[in-house]
Amino acid sequence: MSVLRTAALAARENAYVPYSHFAVGAAVRVGDRIFSGANIENASYGLSNCAERSAIFAAVSAGYTKLDELLVIADTEGPVSPCGACRQVISEFFPADAVITLANVRGDSHQTTPQALLPGAFSKGDLNA
Ligand SMILES: O=c1ccn([C@H]2C[C@H](O)[C@@H](CO)O2)c(=O)[nH]1
Ligand SMILES: [Zn+2]
């Protein structure tokens with residue numbers, strides 16, 4: 001089992017999901033360091049944070065803003081599909097051609113890229129037009 005998958009599954013155990021009961025885990029690689037995260041919900045539903053963003057924000061909080069690889073895992077029929085907000089955040093911190101692995105607990109996985117997940121993402125450059 002890959003290091004990222006193991007880390008994401010471990011983080012998923014800590015998902016705080018009393019509302020959806022849908023646990024998600026994610027893990028980011030930057031060089032040889034790994035950061036992981038789970039989804040964290042709130043009684044005020046809109047404040048919930050997805051696993052992808054938890055993992056990415058853990059890496060950024062540790063001082064890394066150029067991330068190398070991401071894996072996301074949940075108990076879905078096919079590979080889990082990140083929401084639009086996470087696609088935008090992924091595009092901020094990964095190269096357009098980075099490897100993003102979408103997986104499920106039964107062993108399916110699909111490799112994609114930030115560019116494929118969100119073509120035309122809003123970016124830093126758009127602020128300076
Ligand atoms: O890729 C995804 C999709 C959904 N969720 C979370 C948000 C919410 O807590 C729950 C149901 O949408 O799953 C994630 O963390 N990542
Ligand atoms: Zn999301």
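Modeller: First a term: pLDDT is the predictor's confidence in each residue, from 0 to 100. This is a predicted model, where local features need pLDDT of at least 70, side-chain atom pairs count only at pLDDT 80 or more, and totals for chains, interfaces and linings use all residues. Residues are numbered from 1 along each chain as its sequence is written, chains are lettered from A and ligands numbered from 1 in the order written, and side-chain values use heavy atoms, leaving out hydrogens and water.

Biologist: What pLDDT does the chain average?
Modeller: Of the residues, 99% score at least 70. The chain average is 97.

Biologist: Which residues of helix α3 are buried?
Modeller: Helices are DSSP runs (H or I, at least four residues; strands are E, at least two), numbered from the N terminus. Buried means under 20% relative accessible area, with a 1.4 Å probe and protein chains only. In α3, residues 84-93, that gives Cys86, Arg87, Val89, Ile90 and Phe93.

Biologist: Which Glu52 atom lies 2.6 Å from an oxygen atom of ligand 1?
Modeller: A polar contact is a pair of N or O atoms within 3.5 Å. For Ala51, a backbone N or O atom lies 2.9 Å from a ligand 1 oxygen. For Glu52, it's a polar side-chain atom.

Note on methods
Buried means under 20% relative accessible area, exposed over 50%, partly exposed in between (1.4 Å probe, protein chains only). A polar contact is a pair of N or O atoms within 3.5 Å; within protein, one must be able to donate a hydrogen and the other to accept it, and residues adjacent in sequence count only if both atoms are side-chain atoms.
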